[in-house]
Amino acid sequence: MYLSKWKSKLLGLVGLILLSLSYGIFGAAPVSSQAASLLPEISDSDMYTVQSSVYGQVYLQQALAFSPSPIRTETVAPMPIDQYSISQSTLPDRRTLVIGTGIGRLAVILIYNPASNAWTQIPTTLKEFYGHAQSTLPDGRILVTGGSETTAVYLYDPLTNTWSRAADLPIEIRNHTQSVLNDGRVLLVGGRNKTSVSNSSYIYDPKTNTWTKAANLPKTTWSAAQSTLPDGRVLLTGGSTDLEAEYYNISNKALLYNPKTNSWEYASDLPVQLSVHKQVTLQDGRVLALKGGTGYTYDSGTNTWSSFGVFPAGAEILGMNVFQDGRVMVNTRTLSPSTRTTYILTYNAPPTLSVDQTDQLAWFEEGHRSITLSGSLNDVNNDTVTVSATIAGVTKSVVVPNSNKRPLWSLRWDTLQDNLAPGTYTSIPVTVHDGTDSNTAAYNGTIVIDRAPNIPANTAPGGNTVELPQTIATETPVLSWTFTDPDAGDKQSAYQIVVSGADGVKLYDSGWVLSEATTFTVPSAIMQRGKTVGWSVRTKDQIGVPSSFSSIKYVKQNALPVAQWISYTDNQTLNENVLNFSWKYSDSEQQPQTDYQIIGSKDGWKTWGYNTGEIKSGATVHTTKPLESGAWSFKVRVKDGLEWSDWATRSNLMLPNTYEPNDTFEQAYLVNSNQSYASTIGSASDVDFFKYKAKTTGVDRLQLNVPDKQNYDVYIYDAGKKLIAAGIREGNTAENVLYEVSEGSEYYFKIVSANNGADTASYSFIVGNLNLNSQTNYDYDRNGNLIKKTTSTQGQIN
């Protein structure tokens with residue numbers, strides 16, 4: 001070895017190293033206490049950091065920045081026999097088989113039982129094993145290869161405690177590495193003999209008991225470490241590349257072998273140069289390499305290494321294997337004092353968690369303020385873990401014990417108490433931490449924190465108290481309101497109407513109606529006349545958050561007013577044609593009469609012979625114009641400002657012909673212009689005279705409508721009783737007579753039967769000034785020449 005950096009007082013240590021070399025570079029014998037006493041003292045000032053090994057390696061340990069150790073250590077019963085160059089692997093029954101060489105170069109086989117924390121030595125006649133490699137095959141047998149520059153390969157069956165030879169190695173090799181591939185075959189890599197270092201790789205198939213050549217390494221290596229990853233690749237780390245160079249040219253390289261492609265590639269470099277170290281693949285897929293008191297973890301997913309302290313400095317790692325439950329067994333030795341220690345390592349596996357991805361909607365109203373993230377978690381180490389997450393800058397955490405039983409967890413926010421800002425939140429990291437490692441999962445659902453719409457405003461119709469409802473005129477009122485929202489631009493998406501009686505008992509509930517409309521028509525049969533009901537409305541915004549209900553508005557459907565006839569009686573015979581009607585108005589709501597209307601009919605209400613129209617008045621009396629004789633029926637209705645009452649009927653009033661006697665000029669009955677009159681020709685000799693005064697100078701027109709099957713004529717006279725016009729059309733034809741008049745002059749007209757017929761059916765007439773409207777139409781040809789002129793005249797009585 002190259003020792004130029006050491007002072008002369010290290011020569012005794014070199015002698016000890018040479019003594020160990022007599023067993024082979026990596027097959028060191030145990031150091032006796034007497035030999036140890038021969039070591040010179042080395043003060044702190046004589047070295048930087050000294051890492052000594054019974055394998056003859058003495059080098060400066062590089063300074064490392066350690067992460068907190070993810071490993072928990074416990075000591076168990078140590079190996080009962082001191083040995084060197086050991087290998088170890090896990091048996092199918094969870095015990096550990098250790099194969100090495102003891103004093104006298106005899107093979108030592110030990111089995112450790114973790115259940116009883118006890119060691120058992122297995123007798124054997126085999127010679128020494130050193131620089132060998134060992135793997136447990138899928139069928140439970142142990143494959144032991146090489147060592148002592150031999151090609152011999154052995155198979156040990158722990159069930160029968162027997163040894164057998166397997167196919168020899170293609171080359172003599174020791175200080176090589178090997179691991180079981182996922183398909184059950186074994187990959188053997190590198191190694192050395194007395195003169196050279198190998199870069200060869202071989203694969204052993206236990207089914208066929210044959211060795212085949214695999215791809216060569218890109219570099220030579222011996223005293224490296226190797227383990228198989230869950231994805232089937234093999235990680236080879238460190239080792240030495242030379243037999244002569246300083247420290248044997250120790251490497252910090254890591255290589256990955258892919259059995260599918262039979263190829264090698266470099267992985268991320270180790271943090272330090274390593275050789276004569278041990279390596280296993282942990283249960284979670286990471287790789288743990290140990291050298292001295294330091295552990296190195298490789299994550300194949302990220303192709304990264306991390307470093308941490310595990311054991312006291314100076315510990316020599318003799319062997320390492322992984323139990324089925326994920327724990328790691330490590331056999332170590334220290335020289336001064338000479339101590340064998342066996343550790344069980346529990347490698348901290350980061351906890352994992354799942355997150356419920358259900359979408360959530362919350363706002364600031366009681367009962368709807370809660371936001372909850374929840375899920376389950378698992379920690380194989382059963383650590384007490386902490387789950388935390390942050391929403392809108394507010395972090396929540398929960399401590400969960402018994403974490404290896406997949407407990408449920410939940411975090412809760414209160415939108416009001418936590419003062420969460422309205423908005424939409426997603427991709428929220430949720431972290432679980434066990435004190436050493438953490439893991440993060442994301443909530444990728446959608447959380448919407450919304451502000452509820454304002455209480456609907458401008459609700460109408462309705463009074464504010466049940467004692468003072470607003471009276472309405474319909475049983476299907478149209479309710480209306482105004483939607484507003486504290487979030488700008490938000491719109492109504494739905495509404496709900498509730499109608500209750502004055503006693504608060506619900507009469508109708510619309511449920512949620514998906515609509516932006518701010519009006520609603522109450523269905524029929526819900527309201528009753530004279531009954532008070534209350535209604536309220538609430539709305540939803542575009543997201544679906546509801547407002548509170550509006551204050552109750554009270555409405556009452558109007559009770560109809562009532563009209564009762566006072567004047568006359570049914571079937572009464574009268575002696576006048578001008579009727580003076582009177583009636584009684586009543587209203588349970590104490591609303592005054594605002595309108596009335598009277599109609600009359602002589603034909604059983606097929607037609608109306610009399611109609612006042614709707615008269616705005618609170619009067620309860622009315623005088624008719626002169627009515628024609630005969631049997632009449634009349635109806636009156638009143639209005640309370642909102643609705644009309646039902647009709648009150650007075651039936652079969654018998655009216656006389658009050659125009660008689662009017663058989664002479666002297667008896668002529670005075671009529672008014674522009675007013676319709678009706679009378680009868682009661683006998684063949686009956687003649688009816690009428691008179692009136694012209695309103696304006698011009699042309700007047702008299703229109704006479706004749707009863708069916710009758711032929712009536714009309715004669716017009718001036719004030720001197722001189723005939724000035726006549727209408728004498730034959731048959732049942734209406735007469736239409738035009739004549740000139742002077743304003744204020746009196747004129748007579750006589751109506752007689754031309755065929756001496758009499759009839760109880762009435763004739764009717766109207767007289768008044770004629771207003772002539774003429775229109776002239778001109779027709780032109782294509783050249784603009786007038787070809788036709790047409791004038792039409794229409795008359796109208798004014």
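**Exercise 1. Find which ring the charged end of Lys540 sits over, and do likewise for Lys750.**

Start with Lys540: its charged end sits over the ring of Trp512, 4.4 Å from the centre. Now go to Lys750, whose charged end sits over the ring of Tyr715, 5.3 Å from the centre. To count, NZ of Lys or CZ of Arg must be within 6 Å of the ring centre and within 35 degrees of the ring normal.

A word on the model: it's predicted, so local features need pLDDT of at least 70 and side-chain atom pairs 80 or more, while totals for chains, interfaces and linings use all residues. Residues are numbered from 1 along each chain as its sequence is written, and side-chain values use heavy atoms, with hydrogens and water left out.

**Exercise 2. Work out how Phe129 and Tyr154 pair, and what the pair ties together.**

Step one is the ground rule: rings of Phe, Tyr and Trp (its six-membered ring) pair if their centres lie within 6.5 Å, with planes under 30 degrees apart called stacked, over 60 edge-to-face and the rest tilted. Searching the whole structure gives 34 aromatic pairs. Phe129 and Tyr154 make an edge-to-face one, at 5.8 Å centre to centre and 85° between the planes. Phe129 lies in the loop between β7 (118-122) and β8, and Tyr154 in strand β10 (residues 153-157), so the pair ties together parts 25 residues apart in sequence. Strands here are DSSP runs (E, at least two residues), numbered from the N terminus.

Is Phe129 buried or exposed? It counts as buried, at 5% relative accessibility; buried means under 20% relative accessible area (1.4 Å probe, protein chains only).

Compare Tyr763 and Phe765, a stacked pair at 6.4 Å centre to centre and 25° between the planes. Tyr763 is buried at 1%, and Phe765 is buried at 2%. Both belong to one aromatic cluster, whose members include Tyr659, Tyr712 and Phe749.

Technical notes:
Helix = DSSP H or I, 4+ residues; strand = E, 2+ residues; numbered from the N terminus. Buried < 20%, exposed > 50% of the residue type's maximum accessible area, 1.4 Å probe, protein only.
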